[in-house]
Amino acid sequence: MLGWKKLTEFTSFGSTIAQNFNVGDLVCWSEWLVNADDSVDRAQKCGVLTNIIHKELGERQVVFAQILPFDDSKIIEMSILQIRKMETN
């Protein structure tokens, strides 16, 4: 009989990915935008990673990124899994 296994390793969800980021990194992510005619477009957003935090959701620690977008002065928070580093020379 197959059943659910309880997690025995107490790592945060996203911690492996988070090791690839440092505060100050330039990062990008995608957002869905709904237009006035109810059509949907995908927009590329970019900003600076200001902090990496761990929050408890349910019974699991999850890693979040705090980002200052280039087009806003308010810090936003999203899962570390949603962002990627910008290509720089």
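**Close-up views of a predicted model**

View 1. Ile17 has its place in helix H1, which covers residues 15-18.

**View 2. Five strands form an open sheet.** The strand order is E4-E3-E2-E1-E5. Pairing in the sheet is antiparallel. Which strands are at the edges? Strand E4 (76-79) and E5 are the edge strands, and each pairs on one side only. In a regular strand the side chains alternate between the two faces of the sheet.

**View 3. Strands E1 and E2 form a hairpin.** E1 spans residues 26-34, and E2 spans residues 40-57. The two run antiparallel. How many bridges join them? Nine bridges do. Within this pair, Glu31 stands opposite Ala43 in E2. Five residues lie between the strands of the hairpin. In this hairpin, Asp38 takes a positive phi near 70°.

**View 4. E1 also pairs with strand E5.** E5 consists of residues 84-85. Two bridges link E1 and E5, again in the antiparallel sense. Which residue of E5 stands opposite Cys28? That residue is Arg84. E5 is an edge strand of the sheet, with pairing on one side only.

Notes: Residues are numbered from 1 along each chain as its sequence is written. This is a predicted model: local features need pLDDT of at least 70, side-chain atom pairs count only at pLDDT 80 or more; totals for chains, interfaces and linings use all residues. Side-chain values use heavy atoms; hydrogens and water are left out. Two strands pair if DSSP finds at least two bridges between them. Helices (H or I, at least four residues) and strands (E, at least two) are DSSP runs, numbered from the N terminus.
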